[in-house]
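The sequence and the model are shown here for reference.

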Amino acid sequence: MANWQHCPAVERADKQDGGLWMFKGTDVPLCQLYESLADGDRVDDFAARHGVDVELVAAALRYEEEEFINDLLIRPDGPGEIAAIPVVVPTGHEIPDWSDCAVVERIAGKVSGAWIFTESRLPLWALYSELAGGTTIDEFVDWYSGDKAKVITVLHHAVKALQENNRTAYAYTA
């Protein structure tokens, strides 16, 4: 979804190193952040575990959020108005409890117990990994035979959960 080449927090690794987007000054790929978040990890724990400055992580999340809004404004997903999306300023606290999201599930023994989209074997981490690599929602849906409505629901659930979750220290602006 995001065009990461303009993000101040990441840089592209050399092709011999896989060509992944890495946090600046580290050997930590951006996709690891999304895998950690999909597993329910906290941003500050990710930063500490991988030696990445939490401000770089916050900058990457802010950048993606801006790109997400721009993508919605350019390519709305249907008729009517697009609801306002709050600006999320991450400070390192927990990402949503996926058990509250109706379009994902975790089943012991199915895809190693990872969070998956309902009625599929498509893991939630695949979405975050692809978004980290610059894939659009439409590309993700095409490549993985996914359900666009479920992808949008997951992204909206993440924003809503952050708004409602008193355990987080995310700041919102209008």
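Glu 64 lies in helix H3, which spans residues 54–74; helices (H or I, at least four residues) and strands (E, at least two) are DSSP runs, numbered from the N terminus. Glu 64 counts as buried because its relative accessibility is 9%, where buried means under 20% relative accessible area, exposed over 50%, and partly exposed in between (1.4 Å probe, protein chains only). Its side chain makes a polar contact with the side chain of Tyr 34 at 2.4 Å. A polar contact here is a pair of N or O atoms within 3.5 Å; within protein, one must be able to donate a hydrogen and the other to accept it, and residues adjacent in sequence count only if both atoms are side-chain atoms.

The model is predicted, so local features need pLDDT of at least 70 and side-chain atom pairs count only at pLDDT 80 or more, while totals for chains, interfaces and linings use all residues. Residues are numbered from 1 along each chain as its sequence is written, and side-chain values use heavy atoms, with hydrogens and water left out.

**The chain as a whole**

The chain has six helices and six strands. From the N terminus on, their order is β-β-α-α-α-β-β-β-α-α-α-β. Of the 174 residues, 47% count as buried. The accessible surface of the chain comes to about 9100 Å², and 50% of this belongs to carbon and sulfur atoms; the areas come from the Shrake-Rupley method with a 1.4 Å probe, and for residues only the protein chains shown count as cover. Among contacts (heavy atoms within 4.5 Å) between residues at least 6 apart in sequence, 53% join residues at least 24 apart.

**Strand E2**

Met 22 is found in strand E2, residues 21–23. With 11% relative accessibility, Met 22 counts as buried. Met 22 and Arg 12 are ten residues apart in sequence, and their C-alpha atoms are 6.0 Å apart in space. Leaving out residues up to four places away in sequence, Met 22 touches Ala 9, Val 10, Glu 11, Ala 13, Asp 27, Val 28, Pro 29 and Leu 30.

H1 is followed by Gly 40, whose phi is positive, near 90 degrees.

How do H1 and H2 cross, and at what angle? The axes of H1 (residues 30–38) and H2 (residues 43–50) come within 10 Å and cross at roughly 135 degrees. Axes are lines fitted to C-alpha atoms, for helices over the stretch in contact, and angles run from 0 to 180 degrees between N-to-C directions. H1 and H2 are therefore oblique to each other: angles under 35 degrees count as roughly parallel, over 145 as roughly antiparallel, 65 to 115 as roughly perpendicular and the rest as oblique. The crossing of H1 past H2 is right-handed. Gln 32, Leu 33, Ser 36 and Leu 37 of H1 make the contact with Val 43, Phe 46, Arg 49 and His 50 of H2. A crossing is left-handed if the near helix is turned anticlockwise from the far one by less than a right angle, and right-handed if clockwise.

Gly 51 has its place in the loop between H2 and H3. The C-alpha atoms of Gly 51 and Val 28, 23 residues apart along the chain, are separated by 8.5 Å.

**Helices H4 and H5**

H4 and H5 pack at an angle of about 130 degrees, with their axes 10 Å apart. They are therefore oblique to each other, and their crossing is right-handed. The contact is made by Ala 126, Leu 127 and Glu 130 of H4 and by Phe 140, Trp 143 and Tyr 144 of H5.

**Exposed loop residues**

Most residues other than glycine have a negative phi. Glu 119 has a positive phi near 55 degrees, and Ser 145 has a positive phi of about 50 degrees.

| Residue | Loop | Relative accessible area |
|---|---|---|
| Gly 51 | between H2 and H3 | 58% |
| Glu 119 | between strand E5 (115–117) and helix H4 (124–132) | 77% |
| Ser 145 | between helix H5 (137–144) and helix H6 (148–164) | 68% |
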